[in-house]
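Good morning, and thank you for making time for this presentation.

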Amino acid sequence: MPAPAVAKLTLNNPKARNALSTHMMRVLQTRLESIANDSSIRAVILNANGPAFCAGHDLKEMRRLREEGLEGYQNVFGQCSVLMQTIVRLPQPVIAQVEGMATAAGCQMVASCDMAVACEERALFATPGVNIGLFCSTPMVAISRNLPRKHVMEMLLTGNPVSPQKAESLGLVNRVVASGNVSNETLELASLVAEKSRVAVRTGKEAFYKQLELPLEDAYTYCSEIMAMNMMENDAQEGVSAFLEKRKPKW
């Protein structure tokens with residue numbers, strides 16, 4: 001069971017390898033929006049039931065969408081893009097718990113999360129769209145913001161899977177853990193985050209992603225202002241006092 005301040009979202013359509021159907025995306029979007037407004041939740045774990053973490057888009061659904069023409073495909077890829085941005089913009093950190101294959105939009109989801117823990121025996125990561133004539137263009141957005149570009153291009157152009165060990169070395173996941181320990185390791189990481197100041201974590205996560213898109217000088221200007229404003233928060237004053245008084249802070 002997750003800790004009281006940690007929410008767990010489980011992809012639960014193992015027969016379809018937890019593919020991101022429009023229904024699955026809609027439900028996940030709604031749940032994330034609800035969590036965003038819940039101040040009692042300090043961290044989120046995203047995991048999945050079954051042998052796959054997420055196989056990407058539902059290809060059966062994608063074939064049916066052909067009848068709707070270009071607009072149908074624009075809608076589903078647009079819906080997915082909004083979902084991934086919601087993960088990034090969520091005030092609470094999101095940790096992917098990957099115990100199976102994460103392919104295409106599934107790999108995109110892992111890359112969109114703030115951190116990830118992978119099973120060393122079962123996790124794999126791939127963008128195999130090129131193998132079926134569909135380049136993984138939207139997954140590329142998230143993955144290219146996590147991995148060095150030449151490694152991203154190899155994944156995109158070959159479709160070959162990446163082992164969890166390689167994914168860790170490239171920066172796609174934080175930890176690789178033996179089967180049976182993945183859930184506990186992920187919960188431990190989420191609980192560590194949940195112990196911190198909610199204000200500091202929310203401020204820091206938003207600032208982290210925003211400064212990445214700024215030129216160096218603008219990033220320093222922006223973050224200097226963010227730190228000054230953060231220092232004015234009650235949590236910062238409490239944290240400084242607790243450190244100086246050698247006690248635990250009370251957020």
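A word on the basis of the analysis. This is a predicted model, in which local features need pLDDT of at least 70 and side-chain atom pairs count only at pLDDT 80 or more, while totals for chains, interfaces and linings use all residues. Residues are numbered from 1 along each chain as its sequence is written, and side-chain values use heavy atoms, with hydrogens and water left out.

I begin with helix H1, residues 22–36. Helices (H or I, at least four residues) and strands (E, at least two) are DSSP runs, numbered from the N terminus. The expected span of a helix is 1.5 Å times one less than its number of residues. For the 15 residues of H1 that gives 21 Å, and the end C-alpha atoms are 21 Å apart, so the two values agree.

Which residues of H1 are buried? They are Met24, Met25, Leu28, Gln29, Leu32 and Ile35. Here buried means under 20% relative accessible area, exposed over 50%, and partly exposed in between, with a 1.4 Å probe and protein chains only. These residues lie on the same side of H1, because they cover an arc of only 130° around the axis; the arc is that of the directions from the helix axis to the C-beta atoms. What covers them includes strand S1 (6–11), strand S2 (43–48), helix H3 (70–89) and helix H4 (105–112), where contact means heavy atoms within 4.5 Å.

I turn to the aromatic rings. Rings of Phe, Tyr and Trp (its six-membered ring) pair if their centres lie within 6.5 Å; planes under 30 degrees apart count as stacked, over 60 as edge-to-face and the rest as tilted. The count comes to one aromatic pair. Phe208 and Tyr209 form it, edge-to-face, at 5.1 Å centre to centre and with 80° between the planes. Phe208 is partly exposed at 44% relative accessibility, and Tyr209 is partly exposed at 23%.

Next, the cysteines. How many disulfides does a search of the whole structure find? It finds zero, a disulfide being a pair of cysteine sulfur atoms within 2.5 Å. For Cys80, the nearest cysteine sulfur is that of Cys54, 8.4 Å away; Cys80 is buried, with a relative accessible area of 1%. The sulfur of Cys107 is 8.5 Å from the closest cysteine sulfur, in Cys136, which is too far for a bond. Cys107 counts as buried, at 0% relative accessibility.

Finally, the salt bridges. A salt bridge is a side-chain nitrogen of Lys or Arg within 4 Å of a carboxyl oxygen of Asp or Glu, and the count comes to six. One of them joins Glu99 and Arg122 at 3.2 Å, N to O. This pair links distant parts of the chain, 23 residues apart: Glu99 is in the loop between strand S4 (94–98) and strand S5 (101–103), and Arg122 in the loop between strand S6 (115–119) and strand S7 (124–126). Glu99 is partly exposed at 22% relative accessibility, as is Arg122 at 39%.

Arg145 and Glu213 meet at 3.9 Å, N to O. They are 68 residues apart, Arg145 in the loop between helix H5 (137–143) and helix H6 (149–158), Glu213 in the loop between helix H9 (198–212) and helix H10 (216–231). Both Arg145 and Glu213 are exposed.

Glu238 and Arg247 form a salt bridge at 2.7 Å, N to O. Glu238 is buried, at 17%, whereas Arg247 is partly exposed, at 33%. Glu238, Glu245 and Arg247 are linked in a network of salt bridges.
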